[in-house]
Amino acid sequence: MQYAILDYIPQRPPFVLVDHIITCNEDYCKTTFEVKADNPLLFNNILLESGVIENIAQSCAARIGYLAIHTKMQNVRIGVIGGIKDLTITKLPKVGDILTTEIFKVLSDFGDMSVLDAKTTCNGEVIATGEIKVALIDK
């Protein structure tokens, strides 16, 4: 089942870099995103590194929002990137490419802070991996 993303993240167009939640639970979240020509983080029809990072961050936000709504009966909260560690981006996607981002291992979920591992693939090829820390800043 796919979930419409705007119910689970605080970002709004044109700065939305996730289209759907494919699956989500406490330990795993999988999202998809099609790179579109009107994306503000494009240069020469290529999604910049900042766009790949934002896709990963919004996939983490989607996990947090999904769990808040479906398990805690809370509203979606605003968060910020608290840190990035061991990030590797091997290829930048172009307009029309579909990214699949997996938050596949929860390293830590403590209060308003989550530390997560992420992997992004494009056309079956891993293009980004890393660890991201997300901090929730509103109640």
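Predicted model: local features only at pLDDT ≥ 70, side-chain atom pairs only at ≥ 80, totals over all residues.
Student: Why is T120 called buried?

Tutor: T120 has a relative accessible area of 0%, and buried means under 20%, so T120 is called buried.

Student: What makes the link between the side chains of T120 and T101 a polar contact?

Tutor: The side chains of T120, which lies in strand 8, and T101 are joined at 3.0 Å, and the cut-off for such a pair of N or O atoms is within 3.5 Å, so the term polar contact applies to T120 and T101.

Student: Which residues does T120 touch, not counting residues up to four places away in sequence?

Tutor: Among them are N55, I56, L99 and T101.

Student: Why is the set of residues that includes I5, I21 and Y66 called a nonpolar core?

Tutor: The name is given to buried residues of kinds such as Ile, Leu and Tyr that are joined through side-chain atoms within 4.5 Å, and the largest set of this sort has 34 residues, with I5, I21, L47, Y66, L99 and I132 having the most contacts inside it. The largest share of this core, nine residues, comes from helix 1. In soluble globular proteins, nonpolar side chains tend to be buried together.

Technical notes. Residues numbered from 1 in each chain as written. Heavy atoms only, no water. Buried < 20%, exposed > 50% of the residue type's maximum accessible area, 1.4 Å probe, protein only. Helix = DSSP H or I, 4+ residues; strand = E, 2+ residues; numbered from the N terminus. Polar contact = N/O pair within 3.5 Å; in protein donor to acceptor, adjacent residues only side chain to side chain. Contact = heavy atoms within 4.5 Å.
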